[in-house]
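Please look through this model with me. My notes follow as numbered points, each on one topic.

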Amino acid sequence: KLHSDLDKGVGSVKYTLSGDGAGTVFTIDETTGDIHAIRSLDREEKPFYTLRAQAVDVDTKKPLEPESEFIIKVQDINDNEPKFLDGPYVASVPEMSPVGAYVLQVKATDADDPTYGNSARVVYSILQGQPYFSIDPKTGVIRTALPNMDREVKEQYQVLIQAKDMGGQLGGLAGTTTVNITLTDVNDNPPRFPKSIFHLKVPESSLVGSAIGRIRAVDPDFGKNAEIEYNIVPGDGGNLFDITTDENTQEGVIKLKKPLDFETKKAYTFKVEASNLHLDHRFHSVGPFKDTATVKINVLDMDEPPVFSKPMYTMEVYEDTPVGTIIGAVTAQDLDAGSSSVRYFIDWKNDVDSYFTIDATEGTIATNELLDRESTAQYNFSIIASKVSNPLLTSKVNVIINVLDVNEFPPEISVPYETSVCENAKPGQVIQTVTAADKDLSPAGQRFSFRLSAEASNKPNFTVHDYRNNTAGIETRRNGYSRRQQELYFLPVVIEDSSYPVQSSTNTMTIRVCRCDSDGTILSCNVEAIFLPVGLSTGALIAILLCIVILLVIVVLYVALRRQKKKDTLMTSKEDIRDNVIHYDDEGGGEEDTQAFDIGALRNPKVIEDNKMRRDIKPDSLRFPRQRPPVEDNTDIRDFINQRLQENDVDPTAPPYDSLATYAYEGNGSVAESLSSIDSLTTEADQDYDYLSDWGPRFKILADMFGEEESYNPDKVT
């Protein structure tokens, strides 16, 4: 209520209100000054309002007093319940935790005024979740209330928490939230086999390394706490089997380490131990975290292939052994209960296997061809054995046959076969050490002996000294040798081996006499050196040889220049011939065309020189012009042309084309004179040219020319 001292109660004063909420939340009576709330207030929305009031004269509208400011404060009442802004909550705690183990802290918020009364004082309590958990009423910290809570018994817990204001007194407002608590796993349980004995049946044909069975120990823990390691306890059968852990299923996978054989042993028994990999020292007092079970494996009999008595067979045979000789045998047996017969055969892979045969029933191996150790020293092939009752069941074994050497080759001298001796050699001087080689496979300790042949033992030139270590020395037996008397000596050396039968050979060594200096260094072994004057130095010999070489070079160059000069002259002549041929090859318009070639050559017989060689081809040899007797009858041109035609047809040096030199003239002083109609002394009417058509296609043009002129002659009477 507002009141001014100037207000006498006669209605002359008017009260006004302005500020927060004026007219909307609060209103004022203009006459009395009473302030009223026109709607409900919420402290949590706005805790106070600042207003201004003034008294105004009703008549003059002028303020009677200065404007005054005042605050209206909203007084709190408990109208808001506590709220868990972060709820619902999720928490976890390890299983087997002690009482009072911290789990989680919850917090509730009350919007009421904490400074006024108990409206905002919150107290926490558990409505659901006892007796497993407890909560601090003031702080909201949740803790375990029971010891040894086991995850394997119960893993999930849902706890309902209440927050109540007014200090928890009657009439206070309350809010709730849910806390989901999970017990995390610890390794508090050892693995356990569900049964003490596991029975497995395994075929004896199982492959080494294959899985033959699975066993499993149960661990109620989770994750890495449930990881199990399996081990075979040393004992019966432990060396034949192995066990590993399947990481996905935590099962023990039993694998085969060695092959099984029903006929050898039908059953195996061993123990398997299962233990945890990750142990928790807090639970050692509970007991050992492992368990043991017995595994019994029964081996099942299977139809198996035959088994050879050895993993590999090695045999020996001498070369050149007669065909059909038995050199050994292989043996295979069927070890199954119902023993079956076995058949043998060679596993053919190449032609080498055809050198041997095998008896299908007995397994004996014999030679099928003659063997040669020098060609092939060892044979390697496979023998296959199969059961008669089941031919598909086979086994294979390798057979190695070594071919033994027979002493069939004599020893021979190793290189060199040629040596030299100095002219000034002394008696007993070793000029060459020789060794021997044998194509046979020499056994250890074989010895070779060396000696001279019988015919050479009596000659006083050289001897052979056997050193008894498979070498020998060629020694001189005389004082000095002369190349002028004998340049070469041939020494037959006999070599014998120590094998049986003894083989020997005679090898001829060539010994050349050479000129040496006083130290025994060879100066010359050439035959020509014998005839050189004594005392001629090596430098003089080289100078003489150089002079000879220079003279030979000069002679060769001189001959080459002469040949080149002749060749150039011949090429010049050939070029002239080519020019004439080019002119002659031009085809003109007939006899009336005299511009294509020099017609004077046909009219002047003097142009052709006597005894001149043909220049249109390369002559093979000098050929003189053949002289023919003149034709007695000037009109008998037919015989003359036939003779020349025959000569040129059979002449191998004639070119394959007509030549002016061939058909132009008979020669100087010819009775027939020129064959051409040019400057002819006789008239055409006196000649009959019908015979030209009988000479063949070569004279067809000539026959047509004379035939036409004859038919065109106007003086001829038909």
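**Notes on the model**

1. Start with a charge and a ring. The charged end of Lys-266 sits over the ring of Phe-262, 4.8 Å from its centre. Lys-46 places its charged end over the ring of Tyr-49, 5.6 Å from the centre. A charge sits over a ring if NZ of Lys or CZ of Arg is within 6 Å of the ring centre and within 35 degrees of the ring normal.

2. A word on the source. The model is predicted: local features need pLDDT of at least 70, side-chain atom pairs count only at pLDDT 80 or more, and totals for chains, interfaces and linings use all residues. Residues are numbered from 1 along each chain as its sequence is written, and side-chain values use heavy atoms, with hydrogens and water left out.

3. Now the core. The largest nonpolar core holds 25 residues. Phe-193, Phe-241, Ile-254, Val-272 and Val-295 have the most contacts inside it. A nonpolar core is a set of buried Ala, Val, Leu, Ile, Met, Phe, Trp, Tyr and Cys residues joined through side-chain atoms within 4.5 Å. Buried means under 20% relative accessible area, exposed over 50%, and partly exposed in between (1.4 Å probe, protein chains only).

4. Which elements give two or more residues to this core? They are strands E13 (197-203), E14 (211-216), E15 (228-233), E16 (241-245), E17 (251-256), E18 (267-276) and E19 (290-300). Helices (H or I, at least four residues) and strands (E, at least two) are DSSP runs, numbered from the N terminus.

5. Take Val-295 as an example. Leaving aside neighbours within four places in sequence, Val-295 is in contact with Phe-198, Leu-200, Ile-215, Ile-254, Tyr-268, Thr-269, Phe-270 and Val-272. Contact means heavy atoms within 4.5 Å.

6. Ala-211 is next. Ala-211 belongs to strand E14. Is this residue buried or exposed? Ala-211 is exposed, with a relative accessible area of 52%. Not counting residues up to four places away in sequence, Ala-211 touches Val-253, Ile-254 and Lys-255. The C-alpha atoms of Ala-211 and Leu-256 are separated by 6.6 Å, although the two are 45 residues apart along the chain.

7. Aromatic pairs come next. Rings of Phe, Tyr and Trp (its six-membered ring) pair if their centres lie within 6.5 Å; planes under 30 degrees apart count as stacked, over 60 as edge-to-face and the rest as tilted. By this rule there are 15 aromatic pairs. The rings of Phe-356 and Phe-381 have centres 5.4 Å apart and planes at 25°, so this pair is stacked. The pair links distant parts of the chain, with Phe-356 in strand E25 (residues 356-358) and Phe-381 in strand E27 (residues 378-387), 25 residues apart. Phe-356 is buried at 0% relative accessible area, and Phe-381 is buried at 4%.

8. Compare another pair. The rings of Phe-462 and Tyr-489 have centres 5.5 Å apart and planes at 75°, so the pair is edge-to-face. Phe-462 lies in strand E33 (residues 462-466) and Tyr-489 in strand E35 (residues 488-496), so the pair ties together parts that are 27 residues apart in sequence. Both Phe-462 and Tyr-489 are buried. Elsewhere, Tyr-355, Phe-356, Tyr-379 and Phe-381 form one aromatic cluster.

9. Now a sheet. An open sheet of 4 strands has the order E21-E28-E27-E24, with mixed pairing. Strand E21 (312-318) and strand E24 (342-346) stand at the edges, each with a single partner strand, so one side of each lacks a neighbour in the sheet. Two strands pair if DSSP finds at least two bridges between them. E27 and strand E28 (residues 394-404) run antiparallel and are joined by 9 bridges. Ser-386 has Thr-394 in E28 as its bridge partner.

10. Check the backbone too. A cis peptide bond joins Gly-87 and Pro-88, with omega about -5°. Pro-88 lies in the loop between strand E5 (68-73) and strand E6 (89-94). The peptide bond from Gln-130 to Pro-131 is also cis, with omega near 10°.

11. Last, a phi value. Lys-61 has phi near 60°, a positive value in a residue other than glycine. Lys-61 is exposed, with a relative accessible area of 57%.
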